[in-house]
Amino acid sequence: MAFPAAFIDELIVRNPIEDVVSQYVELKRKGGRLFGLCPFHGEKTASFSVSPDAQLYYCFGCHKGGGVINFIMDIEGLSYPDAVRFLANRAGLEVPEDEAYRSQYKLQERLWALCRDAARYYRRQLFSPEGKQAVEYIVGRGLSRQTVTNFGLGFAPPGWSGLLDAMKEMGYSVDELMAAGLALRSQKSGGAYDRFRNRLMFPIIDIRGNVIGFGGRVMDDSTPKYLNSPESTIFNKRKNLFAMNVAKKSKLGYIILTEGYMDAIALHQYGFDSAVASLGTALTEEHANLLSKYTEQIVLTYDSDEAGQNATRRAVPILEKAGLKVKILRMEGAKDPDEFLKKFGADRFRLLLERSENHAEYQLQTLERRYDLSLDEQRVAFLSEAAQMIAGLPSAIEREVYGARAAQSAGITPEAMKIEVNKAYRRRLSREKKAREREAMAPAAHAQPESRSIRYSNLRSAMAEEGLLRMILREPALLDQTGDLAPEDFSSPLLGRAYAALRERSREGLQVSLAALGESFTAEELAHLTQMSQKKNELVSEDAFRDYLGIILDESARSGVRTDQDLLALRDRLKQKKGYGG
């Protein structure tokens with residue numbers, strides 16, 4: 001919904017960005033800004049900055065940025081309207097909501113309530129006579145009564161309308177049950193029936209404690225073995241992880257990533273309260289970004305079969321891209337954590353965690369398994385590929401250690417392997433140097449936005465547009481000197497929209513600030529505008545402002561947006577204003 005602009009301004013004033021961010025990040029002042037370790041990606045050197053004057057944050061590492069509303073959206077995983085509600089509640093403000101948004105939010109609240117009541121229904125059924133088989137299954141899997149309670153496990157009876165009837169009695173409609181993914185419509189009769197039948201039920205709870213969906217394990221030979229709720233208004237499996245609501249509070253210092261619900265639950269029962277599982281889908285960038293908000297280290301404990309190893313190989317680069325340190329746990333004598341814990345207990349698993357391999361160890365051992373090192377040709381191929389892999393490690397010590405390990409595996413001397421690794425390392429440095437030289441020879445590349453989805457087609461005009469916007473943000477009165485400059489004169493549609501939004505706010509007597517524009521721009525766009533606003537610490541100068549304005553108008557005329565006659569008329573009008581045209 002479109003919140004009243006004056007309300008957003010008041011919300012920002014009542015939630016100073018430095019106060020809000022400091023609840024999540026330890027900040028230290030350096031000059032006019034505050035710096036800390038970025039909460040959105042792993043880092044050891046503080047590159048996350050907060051500007052109290054501009055009420056903006058920006059990370060020079062991962063390039064996230066924006067105002068206080070955008071920060072809450074990122075850190076809490078909320079939509080824009082929900083972030084506004086979060087901050088309004090923090091400041092004790094009442095949110096003015098239009099009917100469309102009120103209706104949408106009421107639907108979300110209604111579906112959350114429905115899923116909560118459905119979870120309670122399933123729990124009652126677990127301890128009814130119909131739930132006997134599910135209870136026997138739970139006992140057979142070694143789950144305690146406390147664990148069952150902690151995770152809210154339940155049972156969907158085998159009938160076709162048990163949940164439907166119970167929820168309708170509580171006042172929920174069939175349409176609501178279908179919207180929550182709890183019911184299906186029969187193509188033959190047109191009637192509705194329960195989606196989950198004769199299944200052990202696992203409530204899926206988001207990080208705010210709302211029940212948003214369910215996973216169900218079948219109690220007979222039906223298929224599929226596991227069935228998850230479909231995507232809905234409140235459930236997105238790419239953005240949620242099972243047990244994340246519990247794991248985010250863990251003090252272990254790492255999060256254990258498993259393949260299935262039972263693995264995660266078993267780990268929690270044995271004292272490893274940082275275990276989570278994906279929701280019937282491969283690991284996504286959204287999952288990795290969610291994890292990076294709560295930890296710097298992930299331990300992968302995927303199954304030991306080929307599918308699990310493939311999933312591990314796919315997950316590692318996704319997690320590392322999010323700035324997470326990845327360790328990989330190998331299990332012998334069991335296919336998954338649940339089976340291992342039952343066979344060997346928590347102490348043995350804790351030893352496995354302590355001995356879990358970093359990414360380099362895992363890669364090297366995986367590489368060894370692909371070659372028959374008793375054959376000379378295979379040994380040479382292994383050593384060549386290992387040298388390339390080891391050359392990519394950042395530390396000389398790491399390269400020497402893993403080079404010696406590869407040499408030992410292949411039966412050659414560490415010195416010979418060191419020569420090969422150094423050759424591969426020099427080739428890598430040479431390639432990187434040439435890439436830097438190519439980049440240095442193309443300075444235009446440096447002027448382009450960090451985000452590849454935002455490109456400048458006319459760099460001369462775009463640099464002037466950035467400069468003009470920076471000065472307007474620092475001295476909004478300069479908007480009076482732009483005359484008839486139109487958003488269409490900007491070569492960058494994004495910068496033109498920003499200019500239009502700031503000009504509109506000025507005309508309405510509102511604060512001219514990027515922090516208030518979160519609803520009108522995407523996260524990437526606002527991050528770029530934030531970076532642009534902090535790019536140079538130039539003085540506000542009328543001469544520079546006139547130069548920027550002149551360049552924009554000249555390039556607009558060249559591109560055909562304005563005719564020469566339009567340009568001359570505009571220049572004449574601007575010359576009549578103070579400070580323009582001299």
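This note goes through the structure above point by point.

1. Basis. This is a predicted model, in which local features need pLDDT of at least 70 and side-chain atom pairs count only at pLDDT 80 or more, while totals for chains, interfaces and linings use all residues. Residues are numbered from 1 along each chain as its sequence is written, and side-chain values use heavy atoms, with hydrogens and water left out.

2. Overall picture. The protein has 24 helices and 16 strands. These are DSSP runs, numbered from the N terminus: helices are H or I with at least four residues, strands are E with at least two. The C-alpha trace spans about 90 × 75 × 50 Å along its principal axes. Of the 582 residues, 49% are buried. Buried means under 20% relative accessible area, exposed over 50%, and partly exposed in between, with a 1.4 Å probe and protein chains only.

3. Surface and contacts. The accessible surface of the protein is about 28,300 Å². Carbon and sulfur atoms account for 49% of that surface. The areas come from the Shrake-Rupley method with a 1.4 Å probe; for residues, only the protein chains shown count as cover. Among contacts between residues at least 6 apart in sequence, 63% join residues at least 24 apart. Contact means heavy atoms within 4.5 Å.

4. Strand S3 (residues 48–51) pairs with S4 in the antiparallel sense over 4 bridges. Pairing requires that DSSP finds at least two bridges between two strands. Ser49 has Tyr58 in S4 as its bridge partner. The S3 and S4 hairpin has 4 residues between the strands, and Gln55 there takes a positive phi near 55°. S4 also runs antiparallel to strand S5 (residues 65–66), joined by 2 bridges. Here the bridge partner of Tyr58 is Gly65 in S5. This second hairpin has 5 residues between the strands, with His63 at a positive phi near 70°.

5. Side chains of S4. In a regular strand, side chains alternate between the two faces of the sheet. In strand S4 (residues 56–59), Leu56 and Tyr58 point one way, and Tyr57 and Cys59 the other way. All of these residues are buried.

6. The four-strand sheet. An open sheet of 4 strands has the order S6-S9-S10-S11, with antiparallel pairing. Strand S6 (154–156) and S11 stand at the edges with a single partner strand each, so one side of each has no neighbour in the sheet. Neighbouring strands of this sheet are turned by 35° against each other on average, direction ignored. S6 pairs with strand S9 (residues 199–205) over 3 bridges, in the antiparallel sense. Ala156 stands opposite Arg199 in S9. Helix H11 (residues 261–269) lies across S9, strand S10 (211–218) and S11, at about 70° to S9.

7. The H13 and H15 crossing. Two packed helices are described by the angle between their axes and the distance between the axes. The axes of helix H13 (residues 306–321) and helix H15 (residues 359–369) come within 12 Å and cross at roughly 145°. Axes are lines fitted to C-alpha atoms, for helices over the stretch in contact; angles run from 0 to 180 degrees between N-to-C directions. The crossing is left-handed, a term for a near helix turned anticlockwise from the far one by less than a right angle, with clockwise being right-handed. From H13, Gln309, Thr312, Arg313, Val316 and Glu320 meet His359, Tyr362 and Thr366 of H15. These contact residues divide into 2 nonpolar, 4 polar and 2 charged. Ala, Val, Leu, Ile, Met, Phe, Trp, Tyr, Cys and Pro count as nonpolar, Asp, Glu, Lys and Arg as charged, and the others, Gly among them, as polar.

8. Gln125. This residue lies in helix H5 (residues 99–126). Gln125 counts as buried because its relative accessibility is 14%. Not counting residues up to four places away in sequence, Gln125 touches Glu130, Gly131, Phe155 and Pro157.

9. Arg238. The loop between strand S11 (226–228) and helix H10 (244–247) holds Arg238. With a relative accessible area of 38%, Arg238 is partly exposed. Residues up to four places away in sequence aside, Arg238 touches Glu231, Thr284, Glu286 and His287.

10. Thr301. This residue sits in the loop between strand S14 (297–300) and H13. Thr301 is at 0% relative accessibility and therefore counts as buried. Beyond its neighbours within four places in sequence, Thr301 is in contact with Ile256, Leu257, Thr258, Leu329, Met331, Pro337 and Phe349.
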